[in-house]
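Welcome, and thanks for taking a look at this one. Please open the sequence and the model side by side before reading on.

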Amino acid sequence: MNQTCCPQYTIRCHPLQFQPSKSHKKVLKKMLKFLAKGEISKGNCEDEPMDSTMEDAVDGDFALMNKLDIKCDLKTLSSDLKVSIESEEKEKEKSLKKEGSKDLIHPQAIEEKLGSGEPSHSIKVHVGPKPGKGADLSKPPCRKAKEMRKERKRLKLMQQSSAGAFEGFQAQGQPVSLLPKAKSNQPKSLEDLIFESLPEDASHKLEVRVVRSSPPSPQFKATFQESYQVYKRYQMIIHKDPPDKPTVSQFTRFLCNSPLEAEHPANGPECGYGSFHQQYWLDGKIIAVGVIDILPYCVSSVYLYYDPDYSFLSLGVYSALREIAFTRQLHEKTSQLSYYYMGFYIHSCPKMRYKGQYRPSDLLCPETYVWVPIEQCLPSLDNSKYCRFNQDPQAEDEGRSKELDRLRVFHRRSAMPYGVYKNHQEDPSEEAVVLEYANLVGQKCSETMLLFRH
């Protein structure tokens with residue numbers, strides 16, 4: 001990790017606390033529009049976003065602000081709101097000037113009305129147009145519509161966070177009509193967005209099937225060739241592989257064969273544990289396949305391949321959201337299954353940073369093997385490719401190898417502890433090799449796995 005050009009940090013997401021961001025919602029809505037009406041977005045068809053969108057960053061700022069003491073900001077917000085109103089009314093004034101109207105709204109009157117708590121929109125005064133052209137430097141500049149929307153959203157969140165905030169605004173003389181009405185309904189869940197009902201005459205039908213890949217189930221065998229052809233096109237068009245590289249044997253070795261045993265415990269999910277292919281069927285044909293492992297504590301995302309003709313649906317993002325929802329579904333039956341593993345997060349590779357957008361998520365400290373929230377890791381990764389995330393300098397790996405003699409070795413067709421094996425060895429470099437292995441796998445695994453020596 002500290003030697004490679006691109007350190008890979010294990011990343012896991014908390015599906016039970018996951019809330020889709022604005023960019024995630026856009027992908028889900030894009031899919032729904034395509035299924036319902038056949039609409040194809042003309043926007044960016046990139047499969048994974050490279051960086052968080054500005055809207056997501058703004059949402060994060062609002063969420064953080066909502067947790068703070070809102071009382072300290074009421075005066076500032078009141079002042080900002082007044083400036084916003086003046087700017088809006090100034091725009092109206094300009095519009096009326098162009099039309100030759102004499103009914104103009106004066107900012108001075110607005111200020112007086114704000115202090116009295118009366119509605120400001122009813123004030124009209126008759127004044128002549130000012131000489132000269134250009135902006136009036138004695139007044140605040142007009143604000144962009146986007147900034148004003150942010151201001152209104154900020155006000156709305158602060159109003160909703162505490163009943164006292166609403167009373168505070170009234171105490172300062174702010175007109176109630178200026179405050180946005182609080183919505184009683186909760187934001188839509190991930191499941192609401194994914195499984196939103198479609199019209200009876202929907203243009204397309206999407207179905208997701210989970211089939212066991214190892215050992216191969218009858219459903220997997222029946223769809224193998226079709227699935228492989230999608231994989232081959234994906235590798236050739238998206239990853240520019242030559243036609244002779246994505247062979248059937250390479251596909252089978254890479255994404256079908258698995259060392260995991262198929263298990264069906266009574267307290268486990270209905271599909272059992274092991275390796276699976278999550279197939280996305282559109283109008284009777286496979287357009288994408290997510291390769292996943294279902295384990296006692298998590299769903300692990302291995303790979304995704306899709307038909308490049310459907311890149312406009314952002315299937316990389318869509319499939320990740322479906323897998324998070326699938327993990328939540330499995331959790332209902334198997335309570336300990338509560339994590340979604342996304343493989344590795346590679347901060348030094350911009351194309352791999354998209355995994356950090358599924359939050360809350362953690363990165364694994366490469367030295368002490370404790371999970372650290374990704375927000376705490378990113379500043380360090382911006383300064384250095386390799387980082388120890390655990391801030392406690394005294395902390396060590398609790399699972400490190402402490403008793404080398406208990407390590408299990410397979411030698412001459414026999415399993416034995418390293419303490420017995422080393423008595424028959426004369427090579428001085430042997431202990432260094434075994435010690436490196438022990439440090440990599442830890443004490444627990446060193447006692448349950450066999451290190452082959454010849």
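This is a predicted model: local features need pLDDT of at least 70, side-chain atom pairs count only at pLDDT 80 or more; totals for chains, interfaces and linings use all residues.

How are α9 and α10 oriented to each other?

Helix α9 covers residues 224–237 and helix α10 covers residues 248–256. Their axes lie 11 Å apart and meet at an angle of about 95 degrees. Angles of 65 to 115 degrees count as roughly perpendicular, and α9 and α10 are therefore roughly perpendicular to each other. On the α9 side, the contact is made by Phe224, Ser227, Tyr228 and Tyr231. On the α10 side, Val248, Gln250, Phe251, Thr252, Phe254, Leu255 and Cys256 take part. Sorted by class, this contact of α9 with α10 has 8 nonpolar residues, 3 polar ones and no charged ones.

The loop between α9 and α10 is where you will find Lys240. Its phi is near 60 degrees, a positive value in a residue other than glycine. Lys240 counts as exposed, at 66% relative accessibility.

## The chain as a whole

Stepping back, the protein chain has 14 helices and 13 strands. Of its 454 residues, 40% are buried. If you look at contacts between residues at least 6 apart in sequence, 67% of them join residues at least 24 apart.

## An open sheet of mixed pairing

An open sheet is built from 8 strands, in the order β4-β5-β6-β7-β8-β1-β9-β10, and its pairing is mixed. Its edge strands are β4 and β10 (371–373), each of which pairs on one side only. On average, and with direction ignored, neighbouring strands of this sheet are turned by 35 degrees against each other. Helix α10 comes back into the picture here: α10 packs on the sheet and touches β4, β5, β6 and β7. The direction of α10 makes about 155 degrees with that of β7.

Strands of a sheet pair through backbone hydrogen bonds, either parallel or antiparallel.

Is strand β6 largely enclosed by the rest of the structure or left open? In β6 (residues 285–294), 9 of the 10 residues are buried, so this strand is largely enclosed.

## Ser300, inside strand β7

Ser300 lies in strand β7 and is buried, with a relative accessible area of 17%. The cut-off for buried is under 20%, so a value of 17% puts Ser300 in that class. Leaving out residues up to four places away in sequence, Ser300 touches Val291, Ile292, Asp293 and Tyr341. Tyr341 belongs to β8, where it stands opposite Ser300.

## Backbone details worth a look

The bond from Ser214 to Pro215 is cis, with omega near -10 degrees, and Pro215 lies in the loop between β4 (206–214) and α8 (218–222). The bond from Arg359 to Pro360 is cis, with omega near 5 degrees. Pro360 sits in the loop between β8 (339–345) and β9 (361–364).

Arg413 has a phi near 65 degrees, a positive value in a residue other than glycine. Arg413 is found in the loop between β11 (408–411) and β12 (414–417). Its relative accessible area is 80%, which makes Arg413 exposed.

How many disulfides does the structure hold? The count is 0. For Cys6, the closest cysteine sulfur is in Cys5 at 3.4 Å, too far for a bond, because a disulfide needs the sulfur atoms within 2.5 Å. Cys6 counts as partly exposed, at 27% relative accessibility. Cys13, in turn, is buried, with a relative accessible area of 0%.

Technical notes. Residues are numbered from 1 along each chain as its sequence is written. Side-chain values use heavy atoms; hydrogens and water are left out. Axes are lines fitted to C-alpha atoms, for helices over the stretch in contact, and angles run from 0 to 180 degrees between N-to-C directions. Helices (H or I, at least four residues) and strands (E, at least two) are DSSP runs, numbered from the N terminus. Angles under 35 degrees count as roughly parallel, over 145 as roughly antiparallel, 65 to 115 as roughly perpendicular and the rest as oblique. Contact means heavy atoms within 4.5 Å. Ala, Val, Leu, Ile, Met, Phe, Trp, Tyr, Cys and Pro count as nonpolar, Asp, Glu, Lys and Arg as charged, and the others, Gly among them, as polar. Buried means under 20% relative accessible area, exposed over 50%, partly exposed in between (1.4 Å probe, protein chains only). Two strands pair if DSSP finds at least two bridges between them.
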